[in-house]
Amino acid sequence: MIRVYLDTSVYNRPFDDQTQKKIALETEAVLLILGMINNREIELVNSEPIEYENLFNSDITRQEKITNFLTLATIYQKMEQLE
């Protein structure tokens, strides 16, 4: 099965200004990937660094939505394993 590791900018893309065509297209791609993860077509990898970065998200609603989505991860990468 395909595994994907998404950075925080990817998770935040759907919340960005969608009036710009590039951002809207990127959002469409992100939502497709997130849907595939939700449908268990691909596996999501989560990590300590992603969770740490998300803690500093100033928008609490975004932070909570990203945290909830990260719970779909089937693989968790600890920090010490990244070295």
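The following dialogue explains how to read several features of this predicted model.

User: How many residues does helix H2 have, and what is its span?

Analyst: Helices are DSSP runs of H or I with at least four residues, strands are runs of E with at least two, and both are numbered from the N terminus. The expected span of a helix is 1.5 Å times one less than its number of residues. H2 has 18 residues and reaches 26 Å from its first C-alpha to its last, close to the 26 Å expected. H2 is followed by arginine 40, whose phi is positive, near 60°.

User: Which residues of H2 are buried, and which are exposed?

Analyst: Buried means under 20% relative accessible area, exposed means over 50%, and partly exposed lies in between, with a 1.4 Å probe and protein chains only. In H2 the buried residues are Ile23, Thr27, Val30, Leu34 and Ile37. Seen down the axis of H2, these residues fall within an arc of 80°, so they line one face of the helix; the arc is that of the directions from the helix axis to the C-beta atoms. On the other side of H2, Lys21, Glu28 and Leu32 are exposed.

User: Against which elements do the buried residues of H2 pack?

Analyst: They pack against strand S1 (3-5), H1, strand S2 (43-47) and H4.

User: Which residues have the most contacts inside the largest nonpolar core?

Analyst: In soluble globular proteins, nonpolar side chains tend to be buried together. A nonpolar core is a set of buried Ala, Val, Leu, Ile, Met, Phe, Trp, Tyr and Cys residues joined through side-chain atoms within 4.5 Å. Here the largest core has 13 residues, and those with the most contacts inside it are Val4, Leu6, Tyr11, Leu34, Ile37, Leu44 and Phe69. H2 and helix H4 (60-70) each supply at least two residues of this core. Contact means heavy atoms within 4.5 Å. Leaving aside neighbours within four places in sequence, leucine 44 is in contact with residues including Val4, Leu6, Tyr11, Ile37 and Phe69.

User: Is asparagine 54 buried or exposed?

Analyst: Asparagine 54, which lies in helix H3 (residues 48-55), is buried, with a relative accessible area of 4%. Not counting residues up to four places away in sequence, asparagine 54 touches Thr8, Gln63, Ile66 and Thr67.

User: How many salt bridges does the structure hold?

Analyst: A salt bridge is a side-chain nitrogen of Lys or Arg within 4 Å of a carboxyl oxygen of Asp or Glu. The structure holds five salt bridges. In one of them, arginine 3 pairs with glutamate 43, the closest N and O atoms being 3.2 Å apart. This pair links distant parts of the chain, with arginine 3 in strand S1 and glutamate 43 in strand S2, 40 residues apart. Arginine 3 is exposed, at a relative accessible area of 57%.

User: Which residues are linked in a network of salt bridges?

Analyst: The network links Arg13, Asp16, Lys22 and Glu26. Between aspartate 16 and arginine 13, the closest N and O atoms are 2.7 Å apart. Aspartate 16 is partly exposed, with a relative accessible area of 25%.

Technical notes:
Residues numbered from 1 in each chain as written. Predicted model: local features only at pLDDT ≥ 70, side-chain atom pairs only at ≥ 80, totals over all residues. Heavy atoms only, no water.
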